[in-house]
Amino acid sequence: MADATIITGQYVRIEQTPASAGERLLARVADMILLTLYVYAVWTFAGLFFNYMPDTDFGGNATLTVYLVLLLPGLFYSLLWELFNRGRSPGKRLLGLRVVMKDGSAPTLAASLLRWLLLLVDIYLFQCIGILSILLTENNRRVGDLAAGTLVIKEKNYHRIHVTLDEFAHLGVHYRPVFPQAENLSMEQVSLINRTLFRYDAERPQRIRDLAVKVRQFLKINPPVNDETLLQTLTRDFQYYALEEI
């Protein structure tokens with residue numbers, strides 16, 4: 001199975017194994033079993049309460065409201081678990097799976113909400129859509145994953161992702177690369193640029209000038225920006241293109 005590549009800010013390539021369609025299906029089945037048990041328990045205990053409390057003045061609408069309030073957590077089952085348990089529902093935890101963003105960080109509120117809303121398309125309304133999407137897309141992603149920018153990976157490698165949590169904050173949803181040529185750089189070249197930028201000594205200005213000259217020649221660009229800004233922008237653009245490939 002092909003691995004999903006995550007590029008950290010230190011330009012370390014981390015390979016994560018996407019969950020297979022079978023593993024995701026089993027995790028969903030486990031979650032549905034737990035959800036069914038929760039609904040059954042709520043219905044049973046609420047019924048017992050109303051039966052054994054004859055003096056309780058509940059009308060039909062009030063009784064229905066109580067049931068709906070008690071069942072509400074079940075409606076948000078996937079959203080709440082994945083949001084507050086760092087991408088793991090009980091079913092995913094049982095199967096050793098986790099939802100992550102493209103950069104390896106925990107799902108954001110917006111991403112989790114979008115994944116939850118699109119369960120209607122992936123599972124509840126059209127049932128086969130989610131399975132087909134997982135089988136046919138790179139990194140086995142359902143429609144909700146594609147829309148939210150997430151993927152489901154095997155838990156075994158998650159401890160290696162923590163370095164990525166804050167490294168891509170500058171790459172917001174509205175970020176657009178300045179230099180398309182940055183896509184032609186290799187990881188080794190960008191690593192060299194990064195080391196040059198973050199090595200602070202007396203020779204740093206000269207090294208930046210020399211490297212900027214070589215970069216301009218290699219990429220055939222000559223923008224009206226200073227050398228340090230050019231190198232910094234190229235590293236950010238490279239990160240953007242690296243994430244787009246996930």
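The structure holds 11 salt bridges. By salt bridge I mean a side-chain nitrogen of Lys or Arg within 4 Å of a carboxyl oxygen of Asp or Glu.

Some ground rules. This is a predicted model, where local features need pLDDT of at least 70, side-chain atom pairs count only at pLDDT 80 or more, and totals for chains, interfaces and linings use all residues. Residues are numbered from 1 along each chain as its sequence is written, and side-chain values use heavy atoms, with hydrogens and water left out.

Back to the charges. Lys92 forms a salt bridge with Glu82, with 2.9 Å between the closest N and O atoms. Lys92 lies in helix H4 and Glu82 in helix H3, so this pair ties together parts 10 residues apart in sequence. Helices here are DSSP runs of H or I, at least four residues; strands are runs of E, at least two; both are numbered from the N terminus.

Glu82 also meets Arg115 in a salt bridge, 2.5 Å from N to O. Arg115 sits in helix H5 (residues 109-117) and Glu82 in helix H3, so here the parts tied together are 33 residues apart in sequence.

Are Lys92 and Glu82 buried or exposed? Both are buried. The cut-offs: buried is under 20% relative accessible area, exposed is over 50%, partly exposed is in between, with a 1.4 Å probe and protein chains only. Glu82 counts as buried because its relative accessibility is 4%. Arg115 is buried too, at 2%.

These residues belong to a network. Arg24, Glu82, Lys92, Arg115 and Asp145 are linked by salt bridges.

Arg88 is in the loop between helix H3 (77-84) and helix H4 (90-95). At 17% relative accessibility, Arg88 counts as buried. Leaving aside residues up to four places away in sequence, Arg88 touches Trp81, Glu82, Arg93, Leu97, Arg98 and Glu155. Touching, or contact, means heavy atoms within 4.5 Å.

For contrast, take Arg199 and Asp201. Their side chains meet in a salt bridge at 3.2 Å, N to O. Arg199 is partly exposed, at 49%. Asp201 is partly exposed as well, at 33%.

Now the nonpolar side. A nonpolar core is a set of buried Ala, Val, Leu, Ile, Met, Phe, Trp, Tyr and Cys residues joined through side-chain atoms within 4.5 Å. The largest one has 16 residues, and Leu185, Ile193, Val215, Leu219, Leu231 and Leu234 touch the most other members. Helix H9 (187-197), helix H10 (204-219) and helix H11 (227-244) each supply at least two residues of this core. Another core, of 5 residues, lies apart from it, and includes Ala19, Ala27, Val99 and Val152.

Ile208 is in helix H10. Ile208 is buried, at 4%. Its C-alpha is 6.6 Å from that of Thr196, 12 residues apart in sequence.

Last, the surface. Leu25, Val29, Ile33, Leu34, Leu37, Ile131, Leu132, Leu135 and Leu136 make a nonpolar patch of about 860 Å². Patch residues have over 30% relative accessible area and no salt bridge; nonpolar side chains (Val, Leu, Ile, Met, Phe, Trp, Tyr) are joined within 5 Å, like charges within 9 Å. Areas come from the Shrake-Rupley method with a 1.4 Å probe; for residues, only the protein chains shown count as cover.

Which helix gives the most to the patch? H1 does, with 5 residues. Leu132 is in helix H7, and at 43% relative accessibility Leu132 counts as partly exposed.
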